[in-house]
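Please take a moment with the sequence and the three-dimensional view before reading on.

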Amino acid sequence: MDRAGICRNNRNTTKTDLSLLLECVKFQMKCPESQKQALLTIHSICEKREDNVDLLRELGGVAFLYNLSKSSNVHSHVKETALFTLGTLAEANVYCKNSLCRKDIFTDIAGHLQEDSSLNKKRVSVYLLFVLVAHNKLGQTLAQTTGCLEILMDLFRSTFPFSAKDNLRTVSQTYQLWTSVSSALCGSVNNPQNEEGQRICVAAFPIVKTWLQQISVPSTETFQPICSFIAMTVSNNSYVQESFAACGGLETLTLALLRVVSAADTSLLSRQLSVVIVKTLSACITDNSNLAAGLAQYGLVYHLFFLLTSSHLDPDDRLSVLLTIGECTEASGETAQ
């Protein structure tokens, strides 16, 4: 058999498998565990396989899974798995993603996030929302108009899973939910940049500043999602940059860097955190000479040069530090003139 024939044969086999799995889900209503396993198998077949998602769409599988996620006649675990699988399909196939970018679907997601549902259902709903807004202007707009963005903001503030006392990573669904919410917020305001979404997210800056102040033993688990949120929200937006500085966020972030950078040459964690914070500071002051010049009082350039002397910095990280030094020194020169 030639190569084309083998491909057709494989395609037909996959389509048959998907058809049988959908039938299993449809006719195993009294056996939620079998339904869940069938859905997870569909997930495995379609994950990162655009062509297999196309086959599922031809079979009406995407619409079926969406209806299943809303059905009152199936077990909650089955609905959660259906939502998770929809996210997988949309992530693998742009046509599937576009077909799911509808107001009614975003309204349903908002309902899932507001109802008294399990943390896992909220987490898979946020995952689906993240996929639909990522690199998608229409998805970002629907997230705003259906209230999903405001709900994400509430979840971001209310599910922060770290204690100011012990600062240990919470290995629970609360931590997973919070990090998923952080990613969804980043996708809602940037890549492509969404200025309206960025302005909405300004409301979270005061509590973000408080988190940065309270975390006495920093870790990448705490800082990476926080810094990603800050960087995406302020990026290329002078109004939002000024808002972050006005609430004390820029000063707090700078002081956080000064706390960890001194050990960057001997501690991998300190080095990683320093780079994360430097990249975030860069987003906060890019094309904003007034804010950049204001950091001179903290001796930031000196500390950045110290970080630059570390022999362990990756080339990309070294470039980020150099760019930030450039922002600060150029701004200082402009101020002096």
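Predicted model: local features only at pLDDT ≥ 70, side-chain atom pairs only at ≥ 80, totals over all residues.

Which residues of α2 are buried? They are Gln35, Ala38, Leu39, Ile42, His43 and Cys46, where buried means under 20% relative accessible area, exposed means over 50%, and partly exposed lies in between (1.4 Å probe, protein chains only). These residues cover an arc of only 145 degrees around the axis, which puts them on the same side of α2; the arc is that of the directions from the helix axis to the C-beta atoms. An α-helix has 3.6 residues a turn, so residues three or four places apart point the same way.

Residues are numbered from 1 along each chain as its sequence is written, and side-chain values use heavy atoms, with hydrogens and water left out.

Helix α2 covers residues 32-46, and its 15 residues should span 21 Å at 1.5 Å a residue, which agrees with the 21 Å between its end C-alpha atoms; the expected span is 1.5 Å times one less than the number of residues. Just after α2 comes lysine 48, with a positive phi of about 60 degrees, in the loop between α2 and α3 (50-58). Lysine 48 is exposed, because its relative accessible area is 75%.

Taken as a whole, the protein has 20 helices and zero strands, both being DSSP runs numbered from the N terminus (helices are H or I with at least four residues, strands are E with at least two). Its C-alpha trace spans about 75 × 50 × 35 Å along the principal axes, and buried residues make up 50% of the 337 residues. The chain is divided into domain 1 (9-100), domain 2 (102-202) and domain 3 (203-336), with bounds that come from an automatic or database domain assignment. The centres of domain 1 and domain 3, taken over C-alpha atoms, are 43 Å apart.

Helix α17 (residues 268-285) reaches 26 Å from its first C-alpha to its last, close to the 26 Å expected for its 18 residues. Of those 18 residues, 14 are buried, so α17 is largely enclosed by the rest of the structure. Just after α17, aspartate 287 takes a positive phi of about 60 degrees.

Another buried place is glycine 139, whose relative accessible area is 0% and which sits in helix α9 (residues 137-145). Glycine 139 lies 8.3 Å from arginine 102, C-alpha to C-alpha, although 37 residues separate them in sequence.

The loop between α11 (173-189) and α12 (195-201) holds proline 192, which is joined to asparagine 191 by a cis peptide bond with omega of about 5 degrees. Asparagine 191, in the loop between α11 and α12, has a positive phi of about 55 degrees although it is not a glycine. With a relative accessible area of 43%, asparagine 191 is partly exposed.

Leucine 319, finally, is in helix α20 (residues 315-336) and is partly exposed, because its relative accessible area is 47%.
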